Amino acid sequence: MPRLLYECFYNQTRKFDITTKPSYSVFTHCRNYYWTKTAADRYSVNIDPGVFTYVERLENNLFNHRQKRQATQGGPFQRRIRKEIRAMTDTERQAFFNAVVQLKLDTSVRPNIYDAIGGLHSANAVQAAHFGPNFLGWHRYFLYIFEEALRTKDPDVSLPYWDSTKDFNMQLDDPIDSIVWTARFFGNGDGIVDSGPFANWRDPTDAVLQRNIGSPGSLMTPDGIQAVLSQRFHRDITQPTSGANNDLEGHHNNVHAWINGHMGGLTSSAYDPLFFLHHCYIDYVWELFRRQQFQQGLNPQFDYPNTGVDGHWPWSRMVNLGRIRNVDGYHNAFMRIYEYERSPECPDCGDSPYLECDATRQVCVSVSSRAFRTNGPQLPTGNTFGAPVASMMRSNERMAFSNDPLEKTLDVQQKFVPTSIDPRTIEKQVNRVKRAVYNPKLAAAKAEMLHPADNHGVGLSESSISIRTPFGRIKTSMSDITGRSPGFDHLNGGNVFPDPNSSQNRNYFSDVRSPVGGSNIGGMRSNNGQAQHKTVLSTSEMKGLPTIAKRRGKTSSANAFNILVDNDEIVEKSRFIDLPMQNTFAMDGISDVGRWAFTPVRIIHKRPPGSSFDCKIIKNGRVSEGADFYSPSNYLNLQQQLRTGSPASYPKAVRSGSGASKVFVQADGVSYEGKYIDYAIVDERQPISETVTFVAIKHPKLGSSQSYITAYDANGRICQPRCLISGSSPPKYKICSGLISVTESLPKMYGDTYGDAVMNRYSFDSQHCPTNKDDDIFLTFYCDYENTWPWVGYPHL
């Protein structure tokens, strides 16, 4: 293993305990760190110099002390309002999507403005934008640049954020079934994105935009956010000085890993517009933290951590982002440009038809895509951008619906017909449909909008919007927050922000006092527009996250409740185990499967700790309640051989009632730029389960082929690599790092194609059944679930 990579593993494992931090999180951190540090050794996308000129033009809005008044007739400067994407009206959300697509179509900067901006988050900037305190400021300014670009297409557009805790908190449904994974929002999340506003997009390497939602990782969690907000200083929430649970960048990484696909790569993630919505939420959480610092009498602008991390020195210029310095990303002036509308909270959840209140936990959760079915199939004819609508339904996933929501037909020619039905089964099915299909708040909102002339529906005024529902009349304040902002008149000279050590800057910020002192913070308002006097966030605020700004803006009665989605836009994703894995086959800027070779990998899987299956033992006619037939604890000799620890897993651990589960195998290019992920199916019921899958690596015919291969289960627990001892018979294996170098020399332990690799793995000489060739498998992974970091004992260079 390369020493730089080994040292990262070593330092991380000294800092964290395997029972408190998922080992895949540590792997992801060190993988990204090493690949960033050695990026010059591999291919990277060239940045067109024209994008830097473009960014400078956008920057001028920040430099210009005469900000354009956005209100008519010389009114007060109005900040942009960033909203949770499900709290936007349909008109607002569509305008945002339109602006994004217009950037993709604009080729005035090569290859287009959207990809040119996305490319700024590339190899030479990644080191300075991650792994240190500049993570927060660099991405804040990156979001500002993107928002400025959007506003060149539509001056009324603001960047929304995606609060993924509302998907994480879904209990009756899986987050992969959230409404955000439909054409109305982000498009599908399973494989190539072929629905929604970003359907069939391609990145600068010509790879088709893809996602693999539900991969090992996690959406943002309320506990994680509370851990961040419980800290006092920036050094407590930023790398490398943060703890395991209060590392905001670490929590952010989990979401990238959960979505996977383009979002799973440091240099590819910004080519998916989801990047900006996710990072906007990270910026939202950071602003909550900054607000708390003000409440505690601290000025966050002067709390940039002292660091020796490369690229994160406070006075260095932000890499790829023009003329400002790293420390400027912490400046309070950004909140004079925009403010955040609070993330919707119970009981009304922002009156969004796409959110509903879980009354038991008092949290807003995303509506499931199943809640948006119509009573009959309707075929869409097109989308907003003029291209044919790409159906989210795969041919083998389509479901026909009659007017009876219980009727779900499968293409089966002959069926067993029951003579009677257990009433408990009927009750279970009815409850399932009530849970999955009917949303009373959504239905009420739709009914009101269908009959606006009866004067019992939506009432609009300057001060409020009122909606009658079965739960009573809901009234939401719509009054604007006004008030003159100091603007940017204090900015001068060659820097965007003055030196914080200068007397001018000190004097300017002397009037930006903590709410404890009774002053309002620029860009921050409570629900009633008054200054906050609390020094900490209450438990109830933590649940939904505290109010930052009132909802402000016009509501479109014509579009606010245009909420039904055609049946063809719905994906019945069922379970995580049913989702396939899609790869881009992109290597060194070329997306082509013919450039890859395939090698077999064996997975030996121990039954995970805490597993329990309802497979009772029956002895002498008596049923042993609570006993699991497959559990090693029932067999003393076996139990002694198969002791396990309790390594940490991601929140909401993936469990399968049948025992079927996935172990992922990932190959990262060391001598090339490329990544390939596949999985093997294992049986978690069994004390030991064994299977084989195939992973793709750079074909050695193209030159040096070095890859780092790792395996991990669906809950983020890394497996131990073992390499074949050359010449051993029967085959024996030794501890190794998973770093392999493949050549064209014999014996050739790979296939030129996937089909060749399968042919090499089995002998088809027998007329009865293919037999396997165990001696052809070089790499084996043992998923042992011990309380030992998997890379302890790895050989290294």
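Buried here means under 20% relative accessible area, exposed over 50%, and partly exposed in between (1.4 Å probe, protein chains only). Everything below comes from a predicted model, where local features need pLDDT of at least 70, side-chain atom pairs count only at pLDDT 80 or more, and totals for chains, interfaces and linings use all residues. Residues are numbered from 1 along each chain as its sequence is written, and side-chain values use heavy atoms, with hydrogens and water left out.

View 1. Rings of Phe, Tyr and Trp (its six-membered ring) pair if their centres lie within 6.5 Å; planes under 30 degrees apart are stacked, over 60 edge-to-face, and the rest tilted. The structure holds 44 such aromatic pairs. Tyr114 belongs to helix 5 (residues 113-118) and Phe146 to helix 7 (residues 134-153), so the pair ties together parts 32 residues apart in sequence. Helices (H or I, at least four residues) and strands (E, at least two) are DSSP runs, numbered from the N terminus. Both rings are members of one aromatic cluster, which also includes Trp138, Phe142 and Trp201.

View 2. Phe629 sits in the loop between strand 16 (622-624) and helix 16 (636-641), and is partly exposed at 42% relative accessibility.

**View 3. Arg110 reaches Asp48 in a salt bridge.** A salt bridge is a side-chain nitrogen of Lys or Arg within 4 Å of a carboxyl oxygen of Asp or Glu, and the count comes to 32. For Arg110 and Asp48, the N to O distance is 2.9 Å. Arg110 lies in the loop between helix 4 (90-105) and helix 5, and Asp48 in the loop between helix 2 (23-37) and helix 3 (50-63), so the pair ties together parts 62 residues apart in sequence. Arg110 is exposed at 59%, while Asp48 is buried at 16%.

**View 4. Glu147 and Arg82 pair up, with both residues buried.** Their closest N and O atoms are 2.9 Å apart. Glu147 is in helix 7 and Arg82 in strand 1 (residues 80-82), so this bridge ties together parts 65 residues apart in sequence. Both also belong to a network of salt bridges, with Arg140, Asp283 and Arg290 among the other members.

**View 5. Two charged ends sit over rings.** The test is NZ of Lys or CZ of Arg within 6 Å of the ring centre and within 35 degrees of the ring normal. Lys21 has its charged end over Phe16, 4.9 Å from the ring centre. For Arg235 over Phe233, the distance is 4.3 Å.
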